[in-house]
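Thank you all for coming; I would like to walk you through one chain this morning, going element by element. Please have the sequence and the coordinates open while I talk.

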Amino acid sequence: MWWSALTGRLEQAKALDPVVERVAGVVATVLPRGPVKDALHGTWLGHALHPMLVAGPIGLWSGAVLLDLTAGEQGRDSARRLVGAGVLAVAPTAASGWADWSELGLAKRPKRVGLVHAAANLTTTVLYAGSWLARRRGDDRRGRALALAGVGGLAIGGYLGGHLAYAEAVGVSRTADEPPGPREWTDVAAAVDLAEGGLLRVDVGSRAVLLSRVGGVVGAVGATCSHWGGPLEQGAVQDGCVECPWHGSRFRLTDGGVERGPATNAQRAYDVRTVAGRLQVKGR
Ligand code: FES
């Protein structure tokens, strides 16, 4: 298909990289890591926020176009309100998208596609903002034409957004296909190999498990960061959490919960015990 070939070329478009770098610098300044950015990621929700928010503008603008095409004069006011509400809904939607995009680290392909995805959405927003203004001034014909043109932008933005999620796995838990923990207690390491305040990665079948000892309490959670697959055993231990070395997500060492984004999905947690100087883990 020509559009998937085009998307493939977009992924390889190194010419976009200077723009990516510049925009990334602006986003990092406007949206530094912290509670606001975490809220935009959806860390508080345990789920990426952006895919939920995109339903707002898409649904509102699609409804407006449907009214334009089917309701005639009767639908004029409702269509204008829907267009305006869609424009208002763009602000949080775009902010959450930029927050996620800015934490892709060294992954260049999704950053390039994400940049064009944002450009398509910006163009669409301008078209619908113009549509609302035209309707407000009584130029309903122009308002309908701009809204109809915006459908093209919605389709392009939606296609690229879907590509980011389904082909580039942006926002997808990198540990979603990790098998559940073993049903039986499984020997993994000698207790003396895990120092106080330390981390130890062990393999349990195909699972990578991170053992920790903080204040004498031994914890066991998945060792692969759910955000983008970072190696948590290389992270720092702080306040009962491990901080991912790649983008700074923090996970509680006792239950894998997310204390700080950009990750939104918790790490899998395991039961752990010490028997005769050996550490054993079991799935929860
Ligand atoms: S891979 Fe991004 S925070 Fe861990």
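Let me begin with a question: which residues are buried in H5? Before I answer, please keep in mind that this is a predicted model, in which local features need pLDDT of at least 70, side-chain atom pairs count only at pLDDT 80 or more, and totals for chains, interfaces and linings use all residues. Residues are numbered from 1 along each chain as its sequence is written.

The buried residues in H5 are Pro57, Leu60, Trp61, Ala64, Val65, Leu67 and Asp68, where buried means that 20 or more other C-beta atoms lie within 10 Å of the residue's own, exposed means 12 or fewer, and partly exposed is in between, with C-beta atoms placed from the backbone. Seen down the axis of H5, these buried residues fall within an arc of 160°, so they line one face of the helix; the arc is that of the directions from the helix axis to the C-beta atoms. The face turned away from that buried side carries the exposed residues Ala55 and Thr70. Helices, by the way, are DSSP runs of H or I with at least four residues, and strands are runs of E with at least two, both numbered from the N terminus.

As for its dimensions, H5 covers residues 55-70, which is 16 residues, and reaches 22 Å from its first C-alpha to its last, close to the 22 Å expected at 1.5 Å a residue, the expected span being 1.5 Å times one less than the number of residues. The buried residues of H5 pack against helix H6 (76-101), helix H7 (108-136) and H8, and H5 is followed by Gly72, whose phi is positive, near 60°.

Stepping back to the whole chain, the secondary structure comes to eight helices and ten strands, and the C-alpha atoms fill a box of roughly 80 × 40 × 35 Å, taken along the principal axes. Buried residues make up 41% of the 284 residues. Among contacts between residues at least 6 apart in sequence, 60% join residues at least 24 apart, a contact being a pair whose C-beta atoms, placed from the backbone, lie within 7 Å.

Next, the nonpolar cores. In the largest core, which has 27 residues, Val209, Leu210, Leu211 and Ala220 touch the most other members; a nonpolar core here is a set of buried Ala, Val, Leu, Ile, Met, Phe, Trp, Tyr and Cys residues joined through C-beta atoms within 7 Å. Two or more residues are given to this core by each of S2, S3, strand S4 (217-222), strand S6 (241-243), strand S9 (270-275) and strand S10 (278-283), and S2 gives the most, with four residues. If we look at Leu211 and leave aside its neighbours within four places in sequence, its contacts include Ala189, Leu200, Val218, Val272 and Leu279. There is also a second, separate core of 18 residues, which includes Val65, Val83, Ala134 and Leu154.

Turning to the strands, S2 (residues 199-204) and S3 (residues 207-214) pair in the antiparallel sense over six bridges, where two strands count as paired if DSSP finds at least two bridges between them. Asp203 has Ala208 in S3 as its bridge partner, and in this hairpin, which has two residues between the strands, Gly205 takes a positive phi near 65°. S3 and S4 likewise pair in the antiparallel sense over six bridges, with Ser212 bridged to Gly219 in S4; their hairpin also has two residues between the strands, and Gly215 in the turn has a positive phi of about 60°.

Finally, some backbone details deserve a look. Most residues other than glycine have a negative phi, and most peptide bonds are trans. Here, the peptide bond from Gly261 to Pro262 is cis, with omega near 20°, and Pro262 sits in the loop between S8 and S9. Ala169, in the loop between H8 and S1, has a positive phi of about 60° although it is not a glycine. Ala276 has a positive phi as well, near 50°; this residue lies in the loop between S9 and S10 and is exposed, because 7 other C-beta atoms lie within 10 Å.

Methods
Two residues are in contact if their C-beta atoms, placed from the backbone, lie within 7 Å.
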